[in-house]
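The entries follow the order in which I looked things up.

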Amino acid sequence: MSERSIKILELEKKYGNQAAVKQINFEVRKGELFGFLGPNGAGKTTTIKMMTGLLEPTNGTIEINGYDIWKNPLEAKKQIAYVPDQPNLYPKLTGWEYLEFVASVFQISSDHFKERAEQLLSIFGLTDRANELIEGYSHGMKQKIAICGALVHDPEILFLDEPTVGLDPKSARNLKNLLREECDKGMTVFLTTHILEIAEQMCDRIGIISDGAIIALGTMDELREKDGRTEGSLEEIFLELTGSDDQEAIIEEMAKENQPGGPS
Amino acid sequence: MIKVLLKNQRRIFVNTLKSQNLKNYFAYLFVFAVLAVLLFFVSQAIWNIAGSVTEPILDGIFSFSLLMIIGMIILIGMPEVFKHLYSATDLEFLFTMPIKTRQIFIMKYMQSFIGAPLTVFLFLLVPLTAYGVASGANIIYYFVLVCMLFTAATIGLSIAYLLNLVVIQLIPARRANELMTAMTFLSGLFVYLIFMLPQISNNRSLSESLMAGLPVLPDWVPVSWGSDALIQAANGSMSFFLPMILLILFAGVLILLTTTLVEKGFRTGWVRLSEGSGKKKKRKPKKERAQGVSHPVIAIGKKEWFSIKRDMREWMTFLPLAFFIVFPVIGFFSGGIRLSDLRGFNDISWPIAQGFFLFIYALFNGQLAAAAIAREGLSAWILRTLPLSGRDIALGKLWISWLLPFIILTILECIVGVFLGWAWWQFIFGIVVKAGITIGISSIGIWIGTIGARFNPGNPQQRLTFGTSMFLLLLAYVYLAVLSIPYALMLVPGEAAPFVVDLGAESSGFFGFVFSLFGVLLTWKASNPVIVISLGLLLMFVLSIGLAWLFLYESAKRINRGVTIDIVSETSGKTLFKQKSGKSLY
């Protein structure tokens, strides 16, 4: 687990004077399942988009297995796969045709493609729907076929933006197991999520971004240590670090006020 | 409640205007300036002839104007109304609120006036007011004019609403989007037929009837009442009242008819459409799946093909073929000419057909290729995250957008050739040469697509910004003009050399130069036909392949740098956001 898969150095994204991401630095090791957390608008999606070549950074570098994604885009992109939170896929392609397209771009052998595609479709319960047009898929099915497309070419690094949103519990469980399994085999996974239980259960290391800056980085134990605790859930640590305590206090106060006999 | 809804719409409209960037303001200003200039010239022309227009001619002009308002609003309004009624994003929200369906409908109906009806209304109001002033019309004329134009706009809009409300109940929900595009085409035909009515009924074109002062339309047609009312009002006669009321009543009946269908056509139609999207065609699982993995360039082309094949709206690009080929053919044969009269004149029919087909290629190849870039639309992230170079993407999109029109037009050309009895070498020569020439047009299209890509989910035909589509048309025809010089050299027989030389001597300037040059080349051809034809062929292919390579290279560079696709909102047609990419791919 010592080899480096992703290296982020002084990464910054500015929109005019507004900095969406403020000179962040971190690394993700090979085979690691890295969870990237943060409140809404903290800069998670901006960061992941810069890492996948969808958004150009204002400053800083992103290395994917040693390749700078902005200097060597093709080499870097050969290493990765990305599943966005809203997978807008080709509506007029069937699920199978979409997978075939991805396989063609990565030049996978036909036999390997068929075997891998059948396997992934079966894991996500899409085997019977693979010949339907994607436009007829539900949000969850689109999410699943996008994940299948991302995994069909066995990428070195997988980027997932809110992967469990829209998935049914069974598929979410299957995805979690699959990701763990792939990471154990050597794939690196970088995922953003709002569901803290998932991050806590699955991730080897966690990074928390707030207001464009990394405010915590490490394993669960390291995060607890940083917070001066020996135990406690990720939720508690997250809320404390992202300054949501005040909001919680306000909600509690409001609840008290609304109770019969409470202050009016 | 309607007041609240309209106030909300007004706020949205004002906020939309306020949030536009400077570039858009200039674009609006430019459009207004062009329209104003156009209106000025039209009004000036009417001002100049106002004194000499006789009453029968005036009757024809008024009838025609009112008919034009109705026709234009049906034509432009059909897809607009469909968007307002069934694909506006606010409907889901509005239907969950305690608002009567009828009230939402009325709000949508009133909202529809801003757009095509208002534009057409103003476009006729200004010149016809100019006519009133120039001819010294009675003051009542202006009041009646506003009334009649507004009534005609209401009639057009009501028909557009009525058609939408009826059609939505007849067609399967999942095909609604596509069939609505087909409906727009059919309404185009309908409007075309309306304007052809005078020609069909009395063998005279509309303009001939107009100028001869003969009735353009029969008296029972409602627009004739409007025309009558306007003439009476201009003369200061109170007889304008009855025909005016009749036309207003007619509009009232249409509105009434439309509103009776609100519950069934609007709300239920919207519900059916919303359900429809979830019930897309389920295919039976194939036993043997797919053809397997292919080269990335082929895979991109295949992906494009699937998108085109499976969306009827994509094929609308080829609809002008009907106007260019089917209608002229009908017109030709309805003129009493038999096919046998045309056979055996290969020397004439073949070159004419070549020129004609090249013109059609220039129209389609560029458009189809340019559309391929913006087709990515919301799915652009896929290509951007895949390890594909700009060259692969450009090439993948080029081959399919070149091949499709080539296949369709080659089949058409073969049919034409068989009927006209062309020689075998004419088939082969024509097809091979055009295959070479058209690659250039397609790659120009790809390049243009990288400059002005625009994506409107509800309207796949709109894949280019207006300016760039005009630029594409210009470039395609300039390209064709350059390439047709060596091609014409091959088609025109050497015996024509003395005639062309004479033409060169008689003409001066640019055309004189072109004719003289062409004359010299034809003289060479007369003495050395094989060498000149071979050289012409070589020059043409070098030019075509060279330009194709150049534009492909430039397109690949632009794709690598990042292409901006304007994503247009389905409801308002306004640019929602620019999907600005970075350095790589899309």
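**Entry 1: Glu12(A)**

I looked up Glu12(A) and found it partly exposed, because 16 other C-beta atoms lie within 10 Å. On this scale a residue is buried with 20 or more other C-beta atoms within 10 Å of its own, exposed with 12 or fewer, and partly exposed in between, the C-beta atoms being placed from the backbone. The model is predicted, so I kept to its limits: local features need pLDDT of at least 70, side-chain atom pairs count only at pLDDT 80 or more, and totals for chains, interfaces and linings use all residues. Residues are numbered from 1 along each chain as its sequence is written, while chains are lettered from A and ligands numbered from 1 in the order in which they are written.

Glu12(A) sits in strand β1 (residues 4-15) of chain A. Helices (H or I, at least four residues) and strands (E, at least two) are DSSP runs, numbered from the N terminus. Leaving out residues up to four places away in sequence, I listed what Glu12(A) touches, including Ala19(A), Val21(A), Pro57(A) and Gly60(A). Contact here requires C-beta atoms, placed from the backbone, within 7 Å. I also checked Ser122(A), which is 110 residues from Glu12(A) in sequence and 40 Å away in space, C-alpha to C-alpha.

Most residues other than glycine have a negative phi. Asp154(A) lies in the loop between α5 (139-151) and β7 (157-161) of chain A, and it counts as partly exposed because it has 15 C-beta neighbours inside 10 Å. Glu162(A) also has a positive phi, near 50°. I found Glu162(A) in the loop between β7 and α6 (169-185) of chain A; it is partly exposed, with 19 other C-beta atoms within 10 Å.

**Entry 2: where the chains touch**

How many residues does each chain bring to the contact? I read 33 from chain A and 31 from chain B. On the side of chain A that touches chain B, α2 (73-79), α3 (95-106) and α4 (110-123) of chain A each supply at least two residues. The most come from α3(A), with seven residues. By type, that side of chain A has 17 nonpolar, seven polar and nine charged residues. Nonpolar means Ala, Val, Leu, Ile, Met, Phe, Trp, Tyr, Cys and Pro; charged means Asp, Glu, Lys and Arg; the others, Gly among them, are polar.

**Entry 3: chain B**

I counted 23 helices and three strands in chain B. Of its 586 residues, 37% count as buried.

Helix α20 (residues 466-491) of chain B has 26 residues and reaches 35 Å from its first C-alpha to its last, close to the 38 Å expected at 1.5 Å a residue. The expected span is 1.5 Å times one less than the number of residues. I found a kink of about 40° at Ser484(B), shortly before the proline Pro486(B). The bend is the angle between axes fitted to the seven residues ending at a residue and the seven starting there. Buried residues of α20(B) include Leu472(B), Tyr479(B) and Met490(B). The buried residues of α20(B) pack against α16 (346-374), α19 (424-451), α22 (509-527) and α23 (529-561) of chain B.

Technical notes. Two residues are in contact if their C-beta atoms, placed from the backbone, lie within 7 Å.
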